[in-house]
Amino acid sequence: MARCFALFVVLICTCTVLGLQSEPDTGVPPETADCGCQSLKRPAGTVGSVDGLTDNHAVKYTRGSNEEIQGDEKESRSQMVLIAGGEFLMGTDNPGIPPDGEGPQRLVHLDSFYLDIQEVSTRQFQSFVNATGFITEAERFGDSFVFDGILSETVKSQISQAVAAAPWWLPVKGANWRHPEGPDSSITDRLDHPVLHVSWADAVAYCSWAQKRLPTEAEWEYACRGGLEDRLFPWGNKLNPKGLHYANLWQGDFPTHNSAEDGYIKTSPVMSFPANGFGLYDMVGNAWEWTSDWWTVHHTTDQQHNPKGPLSGTDRVKKGGSYMCHKSYCYRYRCAARSQNTPDSSASNLGFRCASGAT
């Protein structure tokens, strides 16, 4: 079906698309400048409208609706670690990006739960698709958002629109989890990288098939901290302790030049960087991760037990940042940082991992 991204998009000539590389003068302090990935939204009225897809379509892929998981498929699932329940301080009273609702800091108690040690890989998602015939929303819509810095000149020459708030994001026809940068790209050499271009509903479907679920925002943040209290990153407060890189992030000048000092221009294979104190890899950087919560920027200071976020909303919470994050434009690779997208959104830096209850 021929479609276009009508919301948050401006039409521009091809030569302008190819030239939109310089960093705009936003006049915004570095900590609050924006990479624009939360603006990657489909036109109003399209959520759940593709062949009847809804947030509940994952029921089709639960264990009760499919055959028993076979040996090879079972081995392809991510290993999980038990996160012992307890209390922690969620959020921060020193927000890096105040409009995102990072604060106030509040006391949260969680029951024990399991969490995947890694982001769901392309190979694992491929096993799910092979077993169920699942078609992602990006495939159904026929397009997805891709950072222009990783697109071929052939693909860029065919695009005449960009995201108004962040012109380095381009809607690419044929971009999906099988073709991360459009029709002329493949996943052959990155089956061990995080799967990308998955919507919230796609992630829910996979987790249901794997007899798991998405983590709540509180569970994700508790796990990210790895047992440390009130620290910026999963490993502490210094971004590069002893000059070492602990996450796949952007180095250099965003969005014009990624010096790849950490070894990667795009995503990296899962588990390429050190694990945190809980044995979890890539909790920040590499790919954004969906959570189960609806988005809100208003939080109670009252102590909470197993919070699950608002009962309804328009956007879902994502956590962790991605390989595109840099302090000058997206200082969201902190445990307390957060962002959001509509549930049907998909992009070349958005993935997920699964959780499950301990009982």
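Modeller: Axes here are lines fitted to C-alpha atoms, for helices over the stretch in contact, and angles run from 0 to 180 degrees between N-to-C directions. Contact means heavy atoms within 4.5 Å. Helices (H or I, at least four residues) and strands (E, at least two) are DSSP runs, numbered from the N terminus. The model is predicted: local features need pLDDT of at least 70, side-chain atom pairs need 80 or more, and totals for chains, interfaces and linings use all residues. Residues are numbered from 1 along each chain as its sequence is written, and side-chain values use heavy atoms, without hydrogens or water.

Start with helix α7, residues 217–225. It lies across β2, β5 and β16. Its direction makes about 70° with that of β5.

What is under it? β2, β5 and β16 form an open sheet of three strands, in that order. Pairing in this sheet is antiparallel (strands pair if DSSP finds at least two bridges between them). β2 and β16 (355–357) are the edge strands, and each pairs on one side only. Neighbouring strands are turned by 25° against each other on average, with direction ignored. β2 joins β5 (residues 113–116) through four bridges, in the antiparallel sense. Take Val81 as an example: its bridge partner in β5 is Leu115.

There is another sheet to consider. Its three strands run in the order β3-β4-β12, and this open sheet has mixed pairing. β3 (86–90) and β12 (304–305) are at the edges with a single partner strand each, so one side of each has no neighbour in the sheet. α7 packs on this sheet as well, touching β3 and β4. Its direction makes about 95° with that of β3. Within the sheet, β4 (residues 106–110) and β12 run parallel, joined by two bridges. His109 has His305 of β12 as its bridge partner.

Ser78 has a relative accessible area of 7%, so it counts as buried (under 20%; exposed is over 50%, partly exposed in between, with a 1.4 Å probe and protein chains only). Leaving aside neighbours within four places in sequence, Ser78 is in contact with Asp116, Gln118, Gln124 and Lys212. With Gln124, the two side chains make a polar contact at 3.1 Å. (That is a pair of N or O atoms within 3.5 Å; within protein, one must be able to donate a hydrogen and the other to accept it, and residues adjacent in sequence count only if both atoms are side-chain atoms.)

Gln124 leads on to helix packing. α3 (residues 122–132) packs with α6 at an angle of about 80°, and their axes are 11 Å apart. From α3, Gln124, Phe125, Ser127, Phe128, Ala131 and Thr132 make the contact. From α6, Asp202, Ala205, Tyr206 and Trp209 take part.

How many of the ten residues of α6 (residues 200–209) are buried? Ten of the ten are, so α6 is largely enclosed by the rest of the structure. Among these buried residues are Trp200, Val204 and Cys207. After α6 comes Gln211, with a positive phi near 60°.

Asp262 lies between β10 (257–258) and β11 (288–294). Asp262 is buried too, at 9% relative accessibility. A polar atom of its side chain lies 3.0 Å from the backbone nitrogen of Tyr264. Asp262 also touches residues beyond four places away in sequence, including His245, Asn248 and Phe273. Asp262 and Asn248 are 14 residues apart in sequence, and their C-alpha atoms are 6.4 Å apart.
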